[in-house]
Amino acid sequence: DVCKLESVPLDFGDYHPLKPITVTESKTKKMSRKGSTSSTSSSSSSSMMDPLSSVLDGTDPLSLFAAAADPVITTATMDNTRKKRDKDDSSAVGSDFEPWSSKRGEILARYTTTEKLSINLYMGSEKGKATTTGSAVSEKVRTRLEELDDLEEGSQKELLNLTQQDYMNRIEELNQSLKDAWSSDQKVKALKIVIQCSKLLSDTTVIQFYPSKFVLITDILDTFGKLVYERILSMCMDNRVSLSDNFSPESVNDTAKETCLNWFFKIASIRELIPRFYVEAAILKCNKFLSKTGISECLPRLTSMIRGIGDPLVAVYARAYLCRVGMEVAPQLKESLNKNFFDFLLTFKQIHGDTVQNQLIVQCVEIPLYLTLYSPAIDWILQCIAYRAPEVSNRVSDSWLFVKQLAPLEEYLDDCFFQN
């Protein structure tokens, strides 16, 4: 009886069903008309405590969910998490990343051929052995440029009708010749050998052997990149104390920087796209001697350079090599790695073009076999992209772009499965 609501007579003279109903409060008793769906209090109701809020102590689960979904709060939280993860993981890849060396033997064993192969061997010239004494620097530079031109004007010998084993032996000879030329201070000859080997990656005459050829040639490129980096690093020694692993460009002396720039200028003078791309990618790590942002600036440019390669198979292996080098020198720069894969999806339709189709007809290679040649490159690219990637992306646009790009490839593979 004490808590029972007490009704108050209402004046229905100006009553309208759509008009808001006013409820008056008498002391602690709340008045309302039966059936009303909304009400406003004529007295102050802020002093009354909401029983649900008092139980929850102000922690409304819906409010918490809304706060968690707040883009400002979410972005700030994820940015802090990302920065902490990048600080811990960006310096180098961990033991949970499968290295390229573990895939190398499998590729060589799987992609073999009984077809006859050909190779171009560098034939050293007397001009390349000549040394300049106390002449002007311009004369020395001109001599080196002439030596590089000799390579493109025919200072090489083509060997034909080689078996797969003979081909591998010749590649190993070139690798040893590179080391010998470097140890004897014939840097231009070493560069010639690397340029010559890089040109072999544009040849797809025996297309089923191309993945193994890629493995053999990139071994030489890796050797060259390591030799150049170690040479420049040795020039930075001050009082026989080498630089630390996390050195800054400011601690590099002018002589080392000039030598590093000289290598990049030599590579920029290479006329053909494929050798210019591969040789620059091989010494990508040397950008650390020049500037802090050198690698992050070169990776997008090299990625765009691959778009100039017309053969989709040659292009996808170029992307795989760039991802391979990128993971070694800057694993935190995932945007360029993702861009490589998106570019591949965009250009995958080129296999329907007349150039590729005519090539497959001449070599008597069926489409299902041809598609398997992409597997090692795509497998490596995807491994680099997925390494320590967040499980949930905070950028919906990136996810949508991935699905949108993937659709044509999925449709094409479905067609291949149904036809075969």
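**Ground rules.** I am working with a predicted model, where local features need pLDDT of at least 70, side-chain atom pairs count only at pLDDT 80 or more, and totals for chains, interfaces and linings use all residues. Residues are numbered from 1 along each chain as its sequence is written, and side-chain values use heavy atoms, with hydrogens and water left out.

**Whole chain.** I began with the secondary structure and found 18 helices and 6 strands; these are DSSP runs numbered from the N terminus, with helices being H or I of at least four residues and strands E of at least two. Next I looked up burial: of the 420 residues, 37% count as buried. Here buried means under 20% relative accessible area, exposed over 50% and partly exposed in between, with a 1.4 Å probe and protein chains only. Then I turned to contacts, meaning heavy atoms within 4.5 Å. Among contacts with a separation of 6 or more, 75% join residues 24 or more positions apart.

**Helices α13 and α17.** I noted that α13 (residues 312-329) packs with α17 (residues 375-386) at about 35 degrees, the axes being 9 Å apart. Axes are lines fitted to C-alpha atoms, for helices over the stretch in contact, and the angle runs from 0 to 180 degrees between N-to-C directions. The crossing of α13 past α17 is left-handed, a term for the near helix being turned anticlockwise from the far one by less than a right angle. Which residues of the two helices meet? On the α13 side I listed Val316, Tyr317, Arg319, Ala320, Cys323, Arg324 and Met327, and on the α17 side Pro376, Ala377, Ile378, Trp380, Ile381 and Cys384. Sorted by class, this contact has 11 nonpolar, no polar and 2 charged residues. The classes are nonpolar for Ala, Val, Leu, Ile, Met, Phe, Trp, Tyr, Cys and Pro, charged for Asp, Glu, Lys and Arg, and polar for the others, Gly among them.

Asp379 also lies in α17. At 40% relative accessibility, Asp379 counts as partly exposed, and its C-alpha is 8.9 Å from that of Ala320, a residue 59 places away along the chain.

**Core.** I looked for nonpolar cores, which are sets of buried Ala, Val, Leu, Ile, Met, Phe, Trp, Tyr and Cys residues joined through side-chain atoms within 4.5 Å. The largest has 101 residues, and Phe224, Tyr278 and Tyr370 have the most contacts inside it. Helix α13 gives the largest share of this core, 13 residues. I followed up Tyr370: beyond its neighbours within four places in sequence, its contacts include Ile207, Asp311, Pro312 and Leu313.

**Aromatic rings.** Rings of Phe, Tyr and Trp (its six-membered ring) pair if their centres lie within 6.5 Å; planes under 30 degrees apart count as stacked, over 60 as edge-to-face and the rest as tilted. By this rule I have 19 aromatic pairs. Tyr167 and Phe209 are edge-to-face, with 5.7 Å between centres and 90 degrees between planes. Tyr167 is in helix α7 (residues 164-183) and Phe209 in the loop between α8 (187-199) and α9 (210-234), so this pair ties together parts 42 residues apart in sequence. Both Tyr167 and Phe209 are buried.

Stacked or edge-to-face for Phe247 and Phe289? Their centres are 5.3 Å apart and their planes at 25 degrees, so I put them down as stacked. Phe247 and Phe289 are both buried. I also wrote down one aromatic cluster: Phe97, Trp100, Tyr210, Phe214, Tyr317, Trp380 and Tyr387.

**Glu98.** This residue sits in the loop between α3 (71-89) and α4 (101-110). Leaving aside neighbours within four places, Glu98 touches Lys103, Trp380 and Gln383. Glu98 and Trp380 are 282 residues apart in sequence, yet 9.5 Å apart C-alpha to C-alpha.

**Positive phi.** Most residues other than glycine have a negative phi, so I checked for exceptions. Asp185, in the loop between α7 and α8, has a positive phi of about 65 degrees. Cys364, in the loop between α15 (354-363) and α16 (367-372), has phi near 55 degrees. Cys364 counts as exposed, at 69% relative accessibility, and Asp185 counts as exposed at 54%.
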